[in-house]
Amino acid sequence: MKSFTKTNALHATLCFLLAFVLCACNNNKFQVKGTITEAKDSTLYFEHMSLEGPVTMDSVVLDESGDFEFSGDKNDAPEFYRLRIAGNIINVSIDSTETVTFTASFPTMASKYEVEGSDNCKRIKELSLLQQQLLTKAIAISNAYGISVKETEDSINNTIERYKDYVRTNYIFKDPKAASSYFALFQMLGGRHIFQPQESEMDIRTFAAVATAWDTYYNDEEGKKIERAENLHNIAIEGLKALRIKQARQYGPAIDPDKIQVVSVFDIPLIDNKGKKRSLTEFKGKVVLLDFHAFSMPNSMQRIMMLRDVYNKYHAQGLEIYQVSVDDNEHYWKTQTAALPWVCVHDPEGVESEYIQKYNVTQIPTFFLIDRNNSLDKRDSQIKDLDSAIQSLL
């Protein structure tokens, strides 16, 4: 009896350890599963949408039930995948180790699928449907009788601009760190990207808003920028350079493209407490602590004292502080900042400021560190030791 009990105890222990190991492994995996009916004997591909293009991760030949299940390793930041049967595609975003379930019927899988387990995937579905509606409108305009080629082009361009404004307001600027916001930037219409940073300064700002948010919220295991965030910055910077060259050629003599300098943070051009317009980007070459602040808040004095200490320690080594006040009372702000040694500007829009949106500021006060190349490095929530963080950039 004793040996039987010991054997059972040993068996139970081994089962527990096995279950623990399996659980630990699953904690580092994500799952994409579901059912696609009316697709018997069709091959369903699960593809990673890398920056170089689609890469097949797995596939399955569907049976009568249409059930499927794929998995993959956890990523440092949101990643993009797709489920594909021939030319029918469902776009997928995975954030961490979630399990996302899709239900569809093959003939209409690209537009009439259901998704559970991911808000980002739901928003991506909404964006895909909006994109399809945009295409339908563009085709209808192209096929309309009685209008000239220019009128057709103008009508399509106006329709696209309205679409972009809607997507910017309701998706991208609403939550620029979301995978769906990144997805929206690369939507296409007729083989051409809808957002065109090479042609539109507003589109450049849109790319930069998402890039800044991804810089802030997503880093790899070593704390470095992830590849997608770096790519967004490069697109925004190259777009701005191309736009500046185009403008220069339109309104003046040709200029050397190498002499055009662009930066990868959102500029903040506001009036300081001395009545002078100051820009965040004028401090390129310096390490900048960008601080969003309200002097009317109860703990403002303690924070200002902390910033004075930081400024006194590192200013001579190349640190600048660019402080943005969102106080409602401009006169109060001026009186409180008269003796400050750093740049302090006032945003008359307060907490409704476009810069609050662009930097995805969800609480006041909030600060960011910007390196000497005018690239966003970290926000306060990512910094455990402010002194070490500043010293690493100086």
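This is a predicted model: local features need pLDDT of at least 70, side-chain atom pairs count only at pLDDT 80 or more; totals for chains, interfaces and linings use all residues.
Colleague: How many bridges join β1 to β4?
Modeller: Strand β1 covers residues 29–37 and runs antiparallel to β4. Within this pairing, valine 32 stands opposite phenylalanine 70 in β4. The bridges joining β1 to β4 number seven.

Colleague: Which residue has its charged end over the ring of tyrosine 113?
Modeller: A charge counts as over a ring only within 6 Å of the ring centre. Here the distance to the centre is 5.3 Å. The residue is lysine 125.

Colleague: Is the pair of phenylalanine 80 and tyrosine 182 stacked or edge-to-face?
Modeller: The structure holds 16 aromatic pairs. In this one, the rings are 5.1 Å apart, centre to centre, with 20 degrees between the planes. Planes under 30 degrees apart count as stacked. The pair is therefore stacked.

Colleague: How many residues apart in sequence are the parts this pair ties together?
Modeller: Phenylalanine 80 lies in strand β5 (residues 79–85), and tyrosine 182 in helix α4 (residues 179–185). Phenylalanine 80 is buried at 6% relative accessibility. Tyrosine 182 is buried too, at 4%. The parts tied together are 102 residues apart.

Colleague: Where does phenylalanine 283, the partner of tyrosine 322, lie?
Modeller: The two rings form an edge-to-face pair, 6.3 Å centre to centre, with 65 degrees between the planes. Both residues are buried. Tyrosine 322 lies in strand β14 (residues 319–325). Phenylalanine 283 lies in the loop between β12 (277–279) and β13 (287–293).

Colleague: Is aspartate 385 buried, exposed or partly exposed?
Modeller: Aspartate 385 lies in the loop between β17 (376–379) and α10 (386–393). Its side chain makes a polar contact of 3.1 Å with that of serine 388. Buried means under 20% and exposed over 50%. At 40% relative accessibility, aspartate 385 is therefore partly exposed.

Notes. Residues are numbered from 1 along each chain as its sequence is written. Side-chain values use heavy atoms; hydrogens and water are left out. Two strands pair if DSSP finds at least two bridges between them. Helices (H or I, at least four residues) and strands (E, at least two) are DSSP runs, numbered from the N terminus. Buried means under 20% relative accessible area, exposed over 50%, partly exposed in between (1.4 Å probe, protein chains only). A polar contact is a pair of N or O atoms within 3.5 Å; within protein, one must be able to donate a hydrogen and the other to accept it, and residues adjacent in sequence count only if both atoms are side-chain atoms. Rings of Phe, Tyr and Trp (its six-membered ring) pair if their centres lie within 6.5 Å; planes under 30 degrees apart count as stacked, over 60 as edge-to-face and the rest as tilted. A charge sits over a ring if NZ of Lys or CZ of Arg is within 6 Å of the ring centre and within 35 degrees of the ring normal.
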